[in-house]
Amino acid sequence: MNKSQLLQQDRDHLLHPFTDFHDLGKQGTRVITNADGAYITDIDGQRMLDGMSGLWCCNLGYSRNEIADAIYEQLRTLPFYNSFFQCTTIPSIELADALSEVTPEGMNNVFFTGSGSEANDTNLRIIRRYWDLKGQPEKRIVISRQNAYHGSTIGGASLGGMSGMHKQFQSLDYITHIQQPYWFGEGGDMSPEEFGVHAARCLDEKIQELGPDNVAAFIAEPIQGAGGVIIPPETYWPEVKKVLAQYDILLVMDEVIFGFGRTGEWFGSDYYGLKPDLMTFAKAVTNGYFPLGGTMVSDRVAEVIKSKGGEFTHGYTYSAHPAACMAGLATLNILRNEKIIDNVRDTTGPYLAKRWAELADHPIVGETRSLGMVGALELVKDKSSRARFDDDCTAGGVCRDMSIKHGLVMRATGDTMIIAPPLIITTEQVDELVEKAHRALDDTAKALA
Ligand SMILES: *Cc1c(COP(=O)(O)O)cnc(C)c1O
């Protein structure tokens, strides 16, 4: 089939996620046909450095046949069996055990799902079950943050704090949102340190306003990913920890992006020294080779939901799919055996930090930030006032297109450009990334002048 036929069929039949169907119909899509290492190739043969690891999932890049083989072998042995009705499969047991080992201390149980959204829905179900079994059914409200991303099911989207999403569905009424720790966008005249404390105090104020006896949980990403790689000021998490210590409220960390090495530690919770009660994972757990998600359940919560009788009436057909679990096991083996995460922490992460920071000198860059294997930069017309080019933040889209033209996949969140390259990226490839990003910025400045 030729390219124009494919594009026409795409227009005619495929509804893409998070897409303006009308605009896409006019512009058409980019067909990605193959990939290797840290690169993807499109139908025209253009090879691009994938600065986004697919959709934050292919942390080991695209050439790990061990994972493909593990899936294939499993599909030949036992392609499917469920874990309902007192059944189980060997891969699901082995992956549950392996996850207990790599996740923070005190997290020794897992509930598997097919995605991150389903895992956050599972969290809502577990949170409610926990407080009911504890005899505190009035604890119902879950606090989240504005501009958070927690998935796109009704539960996930309600937990998320993206205004564009909230306009298009009816949110669950027991979820509420507080300010995000986004200093560049919302810090005003405060220093980053002051603003970090301020944003954390918003949690305390909200808990007091609602009454601690009514609050069930606080959910957050360690660093907001889709919201624009918002790395909170250093004062934020220590202050949140202090706030949470005063109240009997569950902490849910959504580690869908930052789990499995992105910060240079196994989990964002490890990086920030947090002790979550529930921890959502998905994406990189299988290196994107097979859909799988889940939630890690701490001993504190597991003791309650496991020791009291009565069925937990929740589960998905594909919870603990054996091929998905084999993909997870193969991924964990590579991460452990090849010391990939240590390399991010000690070598490639610091190198990315150094090179990425050089982009801050560019005339249209207001701030750069990075940590481990993520980075963001803010496009501005005026550096000192942090003023954007326009109210609709269209500069980001221009910069993304320029970046792709130069052979680098960067993502635009409004006028924030973000990267999350595969953890296997080499220092030479970091150089390539920064050089291509620089050229994209030059072209963007010219286009917007
Ligand atoms: C992607 C993402 C989700 C949703 O995961 P899906 O597998 O797309 O359902 C949830 N939380 C965070 C932080 C994510 O980045």
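Over the ring of which residue does the charged end of Lys139 sit? In this predicted model, the ring is that of Trp131, and the charged end of Lys139 lies 4.8 Å from its centre.

A pair of aromatic rings is described by the distance of the centres and the angle of the planes. The search of the whole structure gives 12 aromatic pairs. In one of them, Phe18 and Tyr149, the centres are 6.1 Å apart and the planes stand at 70°; an angle over 60 degrees counts as edge-to-face, so this pair is edge-to-face. The pair links distant parts of the chain, 131 residues apart: Phe18 belongs to the loop between helix H1 (3-13) and helix H2 (21-27), and Tyr149 to the loop between strand E5 (141-145) and helix H7 (154-159). Phe18 is exposed, with a relative accessible area of 60%. Tyr236 and Trp237 are also edge-to-face, with 5.2 Å between centres and 75° between planes; both residues are buried. One aromatic cluster consists of Phe112, Phe260, Phe267 and Phe281.

Next comes a sheet. Four strands form an open sheet in the order E11-E12-E15-E14, paired antiparallel. Strands E11 (365-371) and E14 (411-413) each have a single partner strand, so one side of each lacks a neighbour in the sheet. On average, neighbouring strands are turned by 20° against each other, direction ignored. E11 and strand E12 (residues 374-379) are joined by 6 bridges, and Val365 has Leu379 as its bridge partner in E12. Helix H15 (residues 340-357) packs on this sheet, touching E11, E12 and strand E15 (416-419); the direction of H15 makes about 175° with that of E11.

Methods
Residues numbered from 1 in each chain as written. Predicted model: local features only at pLDDT ≥ 70, side-chain atom pairs only at ≥ 80, totals over all residues. Heavy atoms only, no water. Phe/Tyr/Trp six-rings, centres within 6.5 Å; stacked < 30°, edge-to-face > 60°. Helix = DSSP H or I, 4+ residues; strand = E, 2+ residues; numbered from the N terminus. Buried < 20%, exposed > 50% of the residue type's maximum accessible area, 1.4 Å probe, protein only. Lys NZ or Arg CZ within 6 Å of the ring centre and 35° of its normal. Pairing = 2+ DSSP bridges. Axes fitted to C-alpha atoms, helices over the stretch in contact; angles between N-to-C directions. Contact = heavy atoms within 4.5 Å.
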